[in-house]
Amino acid sequence: MRREQSILAQNLHASARKLNMKRNFIFQHDNDPKHTSKSTKEWLHQKKIRVLEWLSQSPDLNPIENLWSDLKRAVHRRCPRNLTDLECFCKEKWAIIAKSRCAMLIDSYPKRLSAGIKLKGASTWY
């Protein structure tokens with residue numbers, strides 16, 4: 001099993017449960033080559049995990065981008081002095097991201113998608 005698949009195996013269903021998502025959720029990830037490798041696609045298919053098809057250049061649609069931005073700002077405020085500080089601050093801040101923030105981003109997805117369709121893939125205000 002590749003690293004990507006191992007991470008998904010350990011976290012995907014657990015994360016979906018924590019977010020109170022139904023069993024038939026649709027998984028979204030970017031089109032990074034490690035995510036779209038033949039073996040990862042096959043793994044997702046074997047596990048019967050539905051994957052949202054979408055453009056690789058659509059950061060406005062991906063709620064994780066908002067979380068990365070939140071994390072970046074929070075860590076920047078801590079002024080890490082070295083790689084050890086950076087890792088520690090990232091882990092601390094990631095661990096305290098509110099479930100309500102994640103839920104709000106997931107709930108906003110239909111609006112994100114509609115905006116992306118309306119603007120034919122151009123940037124949205126999200």
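Colleague: Let's start with W94: what makes W94 count as buried, exposed or partly exposed?

Modeller: Keep in mind that this is a predicted model. W94 has a relative accessible area of 35%. Buried needs under 20% and exposed needs over 50%, so W94 falls in between and is called partly exposed.

Colleague: And W68, why is that one called partly exposed?

Modeller: Same test. The relative accessible area of W68 is 44%, and that sits between the 20% and 50% cut-offs, so W68 is partly exposed too.

Colleague: Why are the rings of W68 and W94 called a stacked pair?

Modeller: Two values decide it. The ring centres are 5.0 Å apart, and a pair needs centres within 6.5 Å, so the two rings do pair. Their planes are at 25 degrees; stacked means under 30 degrees, so this pair is stacked. By this rule the count of aromatic pairs comes to one. W68 belongs to helix α3 and W94 to helix α4, so the pair ties together parts 26 residues apart in sequence.

Colleague: How do you know that E92 and R78 form a salt bridge?

Modeller: Their closest N and O atoms are 2.7 Å apart. The limit is 4 Å, so the contact between E92 and R78 qualifies. This pair links distant parts of the chain, with E92 in helix α4 (residues 83-95) and R78 in helix α3, 14 residues apart. Both ends are partly exposed: E92 is at 36% relative accessibility and R78 at 34%.

Colleague: What makes D70 and R73 a salt bridge?

Modeller: The N to O distance there is 2.9 Å, which is within 4 Å, so the label holds. D70 and R73 both sit in helix α3 (residues 64-78), three residues apart, or about one turn of the helix. D70 is partly exposed at 22%, and R73 is partly exposed at 44%. There is a network as well: salt bridges link D70, R73 and R101.

Colleague: Where does the pair of R81 and D85 stand on distance?

Modeller: Their closest N and O atoms are 3.6 Å apart. That is still within 4 Å, so R81 and D85 form a salt bridge. By this rule the count comes to five salt bridges.

Colleague: Which residues make up the largest nonpolar core?

Modeller: Eight residues: L8, L12, A16, F25, F27, W43, L44 and I49. The elements giving two or more residues to this core are α1 and α2 (38-46), and α1 gives the most, with three.

Notes:
Residues are numbered from 1 along each chain as its sequence is written. This is a predicted model: local features need pLDDT of at least 70, side-chain atom pairs count only at pLDDT 80 or more; totals for chains, interfaces and linings use all residues. Side-chain values use heavy atoms; hydrogens and water are left out. A salt bridge is a side-chain nitrogen of Lys or Arg within 4 Å of a carboxyl oxygen of Asp or Glu. Helices (H or I, at least four residues) and strands (E, at least two) are DSSP runs, numbered from the N terminus. Buried means under 20% relative accessible area, exposed over 50%, partly exposed in between (1.4 Å probe, protein chains only). A nonpolar core is a set of buried Ala, Val, Leu, Ile, Met, Phe, Trp, Tyr and Cys residues joined through side-chain atoms within 4.5 Å. Rings of Phe, Tyr and Trp (its six-membered ring) pair if their centres lie within 6.5 Å; planes under 30 degrees apart count as stacked, over 60 as edge-to-face and the rest as tilted.
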